[in-house]
Amino acid sequence: MLSSCVRLVPATVRLVQSGICSSSRSFMDLKVLLSSLNDFASLSFAESWDNVGLLVEPSPPHTVNILFLTNDLTEEVMEEALQKKADLILSYHPPIFRPLKRVTWKGWKERLVIRALENRVGIYSPHTAYDAAPQGVNNWLAKGLGACTSNPIHPSKAPSYPTEGTHRIEFSVKHTQDLEKVMSAVKGIGNVSVTSFSARIDNEEQTCISLNCTQKTLMQVVAFLSQNGQLYQKTEILSLEKPLLLHTGMGRLCTLDESVSLATIIERIKRHLKLSHLRLALGVGSTLESQIKVVALCAGSGSSVLQGVEADLYLTGEMSHHDVLDATSQGINVILCEHSNTERGFLSELQDMLRAHLENKIDIILSEIDRDPLHVV
């Protein structure tokens with residue numbers, strides 16, 4: 001009897017150990033994780049030219065225990081991710097941007113794809129979606145300026161229209177008895193949303209029709225109206241706009257609560273980005289003691305976003321020589337910090353935000369060797 005009890009003990013211990021092991025590791029299905037990442041910052045925020053989202057996918061099903069964050073996915077960073085047993089790499093910059101015509105060992109970006117697939121590691125890139133997001137890269141960069149209010153330089157638009165269709169057509173029916181005929185004819189076109197209402201026009205009570213339609217259907221509606229001019233009058237065609245998204249968009253125009261000297265803002269930026277040096281172009285008539293109140297910034301390469309913006313200072317990673325000359329000729333100071341130096345520091349903040357957003361269901365780690373390729377020597 002005693003020996004029988006002894007034999008049961010190891011079995012009980014193994015069950016307990018198995019339970020501990022399974023509860024100490026947490027996984028998320030890749031598709032569930034991607035949905036959660038999109039909830040955090042929608043890929044619809046990204047610029048149309050960008051290549052964002054899941055770029056490399058291992059054969060399903062694929063579960064993620066370790067999410068690895070990096071600004072740039074180089075071969076050295078890939079090696080680090082594999083050593084740390086990453087299941088998904090979130091690379092801020094998309095390692096695949098231009099289409100690949102082949103996947104061989106010849107090119108370094110192709111080798112990244114090969115190594116990722118061989119080791120069952122996914123690659124995901126948010127890039128400009130994180131630039132535009134309210135809690136994204138540009139918002140983080142603005143924190144280095146000190147207390148300020150900021151708004152997107154180029155606000156993002158909602159992915160869809162607030163109502164059905166892209167155009168609205170409004171016209172009044174000449175005779176009330178024709179209303180049913182007109183309504184029936186317009187509804188017969190299809191893909192239109194039609195309403196009628198009464199309005200007082202030129203001191204006369206009239207019945208008006210308002211319809212929303214797509215660009216394609218618009219031509220059919222116009223054709224109907226042109227063939228039945230005796231039935232209506234005073235037509236108005238409106239192009240509907242997608243609504244702007246609050247606090248979302250490219251770049252930030254920041255107004256400091258209190259003006260500070262250019263020298264002070266330089267030190268603040270260095271401290272925020274953990275840089276010992278940066279590049280400065282003084283605007284015409286400016287000195288290090290010039291007061292700075294308005295700062296236009298854009299993480300990464302900001303020329304196209306900052307061009308034409310009125311500000312005391314432009315802050316970005318890189319700009320072309322001639323764009324710098326254009327800015328300084330207008331009295332605008334320019335600070336350049338190198339491209340990825342204006343982005344990489346955001347990843348630490350992102351790590352904390354994603355841990356909270358994903359409810360600590362997976363491990364999230366930062367690359368320790370990801371660096372800007374340019375150094376001051």
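Buried here means under 20% relative accessible area, and exposed means over 50%. Keep in mind that the model is predicted.

**Stop 1: helix α2**

Select residues 30-40, which form α2. Colour Leu30, Leu33, Leu34, Ser36, Leu37 and Phe40: these are the buried residues of the helix. Look down the axis. An α-helix has 3.6 residues a turn, so residues three or four places apart point the same way.

Next, go to the start of α2 and show aspartate 29. One of its side-chain oxygens comes within 3.0 Å of the backbone nitrogen of lysine 31.

**Stop 2: helices α3 and α4**

Select 75-83 for α3 and 108-118 for α4. The two helices pack with axes 10 Å apart, at an angle of about 10°. That angle makes α3 roughly parallel to α4. Show the side chains at the contact. From α3 come Glu75, Met78, Glu79 and Leu82; from α4 come Trp108, Arg111, Leu112, Arg115 and Ala116. Colour them by class: five are nonpolar, four are charged and none is polar.

**Stop 3: asparagine 360**

Move to the loop between α12 (346-357) and β19 (363-366), where asparagine 360 sits. Is asparagine 360 buried or exposed? It counts as exposed because its relative accessibility is 58%, over the 50% cut-off.

Methods: Residues numbered from 1 in each chain as written. Predicted model: local features only at pLDDT ≥ 70, side-chain atom pairs only at ≥ 80, totals over all residues. Heavy atoms only, no water. Buried < 20%, exposed > 50% of the residue type's maximum accessible area, 1.4 Å probe, protein only. Helix = DSSP H or I, 4+ residues; strand = E, 2+ residues; numbered from the N terminus. Polar contact = N/O pair within 3.5 Å; in protein donor to acceptor, adjacent residues only side chain to side chain. Axes fitted to C-alpha atoms, helices over the stretch in contact; angles between N-to-C directions. Parallel < 35°, antiparallel > 145°, perpendicular 65-115°, else oblique. Contact = heavy atoms within 4.5 Å. Nonpolar A, V, L, I, M, F, W, Y, C, P; charged D, E, K, R; others polar.
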